[in-house]
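Good morning, colleagues. I would ask you to look at the model on the screen while I go through how its two chains meet.

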Amino acid sequence: MSKSAILEKIKKNKPELVALPDLSVFQHDVPREELIKDFISVSTGNMSNVVSIIDSEVPLQTYLKEFISKNFPLATTFYDTLKIEANPSEVDFTQTPVDLFIAEAKLGVAENGGLWFDDSILKQRISTFACEHTLMIINHKNIVPTMHQAYQKIKISETGYCVLIAGPSKTADIEQSLVVGAQGAVSNTTIII
Amino acid sequence: MSQHSKRADNFIKDEARTDWHDKALWHVREKRDASAEQLPEWELLRETASQIKDNVLSNLDNYLVQFETEAKKNGVIVHWAEDAADHNRIIGEILEKHNARKIVKSKSMLTEECKLNDFLEERDIEIIDTDLGERIIQLRKEPPSHVVLPAIHIKKEEVGELFHQKLGTEKDNSDPTYLTKAARTHLRNKFFEADAAITGVNFGIAETGGVVICTNEGNADMGCHSAPVQIHCMGIEKLLPKAEHLGVFIRLLARSATGQPSTIYTSHYHQPRPGAEMHVVIVDNGRSTHLGKEDFRNSLKCIRCGACMNTCPIYRRSGGHSYHSTIPGPIGAILSPNKNLKEYSDLPFASTLCGSCSNVCPVKIDIHEQLYKWRQEIYKNNELPKSKTIPLKITTKVFENPSVYNSLGKIARGSLRNLPGFMIYNNFNAWGKQRDLPDAPKEGFKQWYKKNRNE
């Protein structure tokens, strides 16, 4: 059998056991203001539109409703996990193009502008990829400095699938010219609350 | 001339194009530098990544068993393939069981290595590469010339003409945005029609039985979340012990590859979505044998970032296709001889041994040292071409005999100064091609030293 043959060969050929290195050296204590500043500048570099409403007193639902009608006036179809515009449960992406994806991320990562989503938020995994535009919300208290802290906070096998998204989809496969909107979303807006 | 030299010779015929290729890759290298310099802990990250991989290689059998156990608990179907034929047969069987005729694939150097596309096409199964660069070269019927920038050797005008013919875009329109949008529309339909999706794997996690895939376009996700069957092909060396180790590798991968702080999408797959099926094919294909070679096992640490290619003065000026192997560049030149020493015996010589590749490698593979060691192996196995063995023999004789050495030095200096051009720049002098030899000094070092020693 292939499995036992492969394992036998590895057993025979592998070097003596080497210990794992210590990862505790990668702790980063960054003041919150600086974290948010970093997160915004990296996200912007990744071609996301970033809006911070940390100090706003307007209720989120009200703010978003207005924001969407102002910034996405042409959007008519929604995949809306926050249920501001519509109920997402029955959207069939193969049949209908969907204009806007709306969801709140579990976690944000300052060093790469990434936002974390899993099955419990997405419901349909393809949603955040197949929608034309994405609108992502992140609570500023859930932003961590680096990927080390992200993996301490997130249990990657908690649901069947999770993804870190760091902006709209991109490619530079034609002569290294950056084009935003390859296979996934064409634009991303991140709102920090 | 060796295969590599012949192909490189062809590549550099167009001087302007060679310069363009060289500069495009150097630009990527510069982006990598800028990105790495922003992290004070960069060198510590590289060292840590290298040590994690040392641990993985030293405990690989146990990690693989753990991975399989955990994956099975998650409802994932795990397969083991000893070689490329095994790998293709397993995938063929999965597809047959589901009567899958239309397949979307996201970039995978492993399926390239196994020649999966040819295997499936022979069975009348449509397989579409969905990464834009991969799709371009698939339509051109070419192999990738780089591990992360597969179409780096192609000009936008050529892509414009290709898409005009194959996808019906406007003639003479080579605007990258226009062409990318056309590909997006073309591929969207392919995703939604697909019966199965195949991907490579960046990292497998032993502790959780999941696989991690990094893309900028989102093509792996579009495929896996559309098709009823998802298949992930993973080389045995891709494992990491725990999720926490991903932190180190995700931080290094995209920064080393393109200078981005991370890829746009870092996707972690543990279970199929409801009603769908998820398979992982664990592939050996020579890796377990490679593991037994002490001098060369470090190269199994490779995470396929391509940094060694972007920095290599030979790769930049000879193009990925000159390496005639699935993985080109410096890392390809040390991986390929493990598979077939005879066929790839020219590749370890496609280097100046400058060491730049080792300096940028995120997992600290001693690439240039392995290149040198492969040269010894190739000599021991009598795989050196006559164009190298004969000059080596002559040189040995010369070095053994000081008076011959001294007089030859004098003759060489005199000849370089006085002989007419055609006597110096001809087929017998490979060093005189595409370059001017330096002006020869009137005296050699020995004479200079004798004269100046007492002053």
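Let me begin with a question: which residue in β9(B) is the bridge partner of A:Cys162? The partner is B:His268. Please bear in mind that this is a predicted model.

Strand β8 of chain A, residues 161-165, pairs with strand β9 of chain B, residues 265-269. The pairing is antiparallel and extends over five bridges.

Both strands belong to an open sheet of eight strands with mixed pairing. Its order is β7(A)-β4(A)-β5(A)-β8(A)-β9(B)-β6(B)-β5(B)-β8(B).

Within chain A, strands β4 (residues 107-109) and β5 (residues 114-118) run antiparallel and are joined by three bridges. There, A:Gly108 has A:Leu115 in β5(A) as its bridge partner.

UniProt, in an unreviewed entry, lists residues 97-191 of chain A as "domain: LUD". Over that range the chain is 16% helix and 37% strand, with the end C-alpha atoms 24 Å apart.

I turn now to the contacts between the chains. In total, 69 residues of chain B are in contact with 57 residues of chain A. On the chain B side, helix α3 (residues 42-58) gives the most, with eight residues. That side comprises 27 nonpolar, 27 polar and 15 charged residues.

Finally, chain B is divided into four domains, among them domain 1 (1-31 + 306-385) and domain 4 (401-452). The C-alpha centres of these two lie 29 Å apart. Thank you.

Conventions:
Residues numbered from 1 in each chain as written. Chains lettered and ligands numbered in written order. Predicted model: local features only at pLDDT ≥ 70, side-chain atom pairs only at ≥ 80, totals over all residues. UniProt positions renumbered as here; feature names shortened; annotations may be inferred. Helix = DSSP H or I, 4+ residues; strand = E, 2+ residues; numbered from the N terminus. Domains from an automatic or database assignment. Contact = placed C-beta atoms within 7 Å. Nonpolar A, V, L, I, M, F, W, Y, C, P; charged D, E, K, R; others polar. Pairing = 2+ DSSP bridges.
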